[in-house]
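Hi,

Here is the structure I promised to pass on. Have a look through it first, and then read my notes below.

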Amino acid sequence: MHRRRFISAAAAATTAGAAATSPVPVTVRRIGTSDVERLEQRFAHLVASDHRHGGKRDIEAHALGLADEAMRLQRVGGASQRVRGQLYAVAAAFTSSAMWAAIDGRRFDAAQRLHEQAASLASLSGDQPIQFRIWSHTGSLYRHLHRPADALAANDVARRLSLTRRDPAYASLGHARHAAIQGMAGDSTGVRRSLGAAQDAFGRADGNAPRPVWLRAFFGQCELDSLALTANLSLGNWEEAEARAHRSLAGLGPHMRRSLAITTARLARAQLGQGDVEPAVATATSIPADSVRHPRVADMLTAFGIELERQAPRTSHALQWKQYEREALA
C-alpha cells in the first residue's frame with residue numbers, strides 16, 4: 001500500500017515538473033489594416049502639427065516615437081505581406097516627418113542621419129509616394145546646406161520614380177523643387193524650364209486622384225508659386241519674386257502658419273530688393289509673433305535686417321526695424 005502511494009506521488013510530481021518546464025504557448029496578435037489605419041490617422045495629426053508649428057524638436061521626437069511603434073508591430077505581430085509593407089511605409093513616413101522637422105529646424109546633422117533610416121524603411125516598403133517624399137526632402141536638405149550638385153542629384157532620384165509618369169502632381173512638385181535648387185545654383189535658364197514643366201504637369205494632374213495626406217496637406221498652386229518665389233529670390237528677380245509671393249500667400253490655407261511666416265519674410269526681401277524700404281519693413285513686421293522665432297524665419301529676418309542696414313542706415317525705417325528686432329527677435 002505504501003509503495004503504491006509513493007509511486008503515484010512520484011508520477012504526479014514528475015507530471016507537474018514537466019508542465020512547469022514546458023514552453024508556454026504564446027499568442028501572437030494578428031496585425032491588420034485597422035492597425036495601419038490607426039497609425040495613418042496619427043500621421044495625419046503629425047502633418048497638421050508640422051504645418052502649424054514646424055521645425056520643433058518635440059515634433060521630431062514624436063515622429064520617431066510613432067515610427068518605433070510601427071516597427072514594434074512588425075516584430076511582435078503576425079501580418080500578411082501586404083500589411084507588413086504598409087507598416088514599413090508608415091514607419092518611413094513618420095521618419096521622413098522627423099527628418100523634415102530637423103531640416104526645418106536647421107538641425108542638419110540629425111536630418112542626414114534620419115535620411116538614411118527613412119530611405120531604408122521606404123525601400124523595404126516598396127511604396128513609391130513615400131520614396132518620393134524622402135528623396136525630395138533630401139534635395140531640400142542639400143539646398144539648405146548650399147550643396148546644389150547633391151541637391152539636384154537627390155531630387156533626381158525622386159523625379160525618376162515611375163510614379164511621376166503615372167501622376168503629374170508628383171512630376172509637378174519635382175520640377176518645381178528642381179527650380180528652387182537651380183535658382184540657388186544661378187541657373188536662370190534651368191529655372192525657367194523647370195517652372196514651365198512644373199506648371200504644365202500641374203495643369204494635367206487630376207485634382208480628385210487619391211494621394212497621401214502629406215501631399216494633400218500642402219501641394220497646390222500656392223506651393224508652385226512658393227518654390228518659384230524661392231528660385232527668383234536666389235536669382236535676384238525681385239519683381240517676379242514679389243508677384244509669386246503675393247500669389248502664394250493668397251492660396252495658403254489657414255492651417256499653414258509656418259508657410260505664411262516664411263512666405264511673408266520672402267516677400268519682404270523681394271520688396272527690399274527693389275528698394276521699397278517702407279513696405280518691406282511693414283511686411284516683415286507683420287509676421288505673427290508666434291512665428292518669428294522659427295529657425296528659418298529668424299534666419300531670414302536677420303538677413304533682412306543686414307540688407308536694410310546696408311541700404312538705409314540710420315533712417316526711421318532702420319530704427320523701426322531695430323526696435324522690432326529688440327522686442328520680437330531678441
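Let's start with S226. Which residues is S226 in contact with, leaving aside its neighbours within four places in sequence? The partners are S248, T263 and R266, where contact means heavy atoms within 4.5 Å. S226 itself lies in helix 12. Helices here are DSSP runs of H or I with at least four residues, strands are runs of E with at least two, and both are numbered from the N terminus. With a relative accessible area of 11%, S226 is buried. For that word the cut-offs are these: buried is under 20% relative accessible area, exposed is over 50%, and partly exposed is in between, using a 1.4 Å probe and protein chains only.

Before you go further, please keep in mind that this is a predicted model, where local features need pLDDT of at least 70 and side-chain atom pairs count only at pLDDT 80 or more, while totals for chains, interfaces and linings use all residues. Residues are numbered from 1 along each chain as its sequence is written, and side-chain values use heavy atoms, with hydrogens and water left out.

Next, have a look at R258, which sits in helix 14 (residues 257-273). Is R258 buried or exposed? R258 counts as buried because its relative accessible area is 7%. Not counting residues up to four places away in sequence, R258 touches D50, H51, R52, H53, G54, W100, D104, H294 and R296. Take H53 from that list: H53 and R258 are 205 residues apart along the chain, yet their C-alpha atoms are separated by 6.0 Å.

Another arginine to find is R113, in helix 5. R113 is exposed, at a relative accessible area of 52%.

Now the whole chain. How many helices and strands does the protein chain have? The tally is 17 helices and 0 strands. The C-alpha trace spans about 115 × 45 × 35 Å along its principal axes. The radius of gyration of the chain is 27 Å, whereas a compact globule of 330 residues would have one near 20 Å. That radius is taken over C-alpha atoms, and the globule rule is 2.2 Å times the number of residues to the power 0.38.

Of the 330 residues, 49% are buried. If you take the contacts with a separation of 6 or more, 68% of them come from residues 24 or more positions apart.

Then the aromatic rings. Rings of Phe, Tyr and Trp (its six-membered ring) pair if their centres lie within 6.5 Å; planes under 30 degrees apart are stacked, over 60 edge-to-face, and the rest tilted. By this rule there are 7 aromatic pairs. One of them is F132 with Y170, an edge-to-face pair at 5.3 Å centre to centre and 75 degrees between the planes. This pair links distant parts of the chain, with F132 in helix 6 (residues 128-144) and Y170 in helix 9 (residues 168-184), 38 residues apart. Both F132 and Y170 are buried. F202 and F219 also form an edge-to-face pair, 5.8 Å centre to centre with 85 degrees between the planes. F202 lies in helix 10 (residues 188-204) and F219 in the loop between helix 11 (213-216) and helix 12 (221-235), so the pair ties together parts 17 residues apart in sequence. F202 is partly exposed at 26% relative accessible area, while F219, at 16%, counts as buried. Ring pairs also link F132, Y170 and W214 into a cluster.

Last, look at R314, whose phi is near 60 degrees, a positive value in a residue other than glycine. R314 is in the loop between helix 16 (295-311) and helix 17 (316-329).

Cheers
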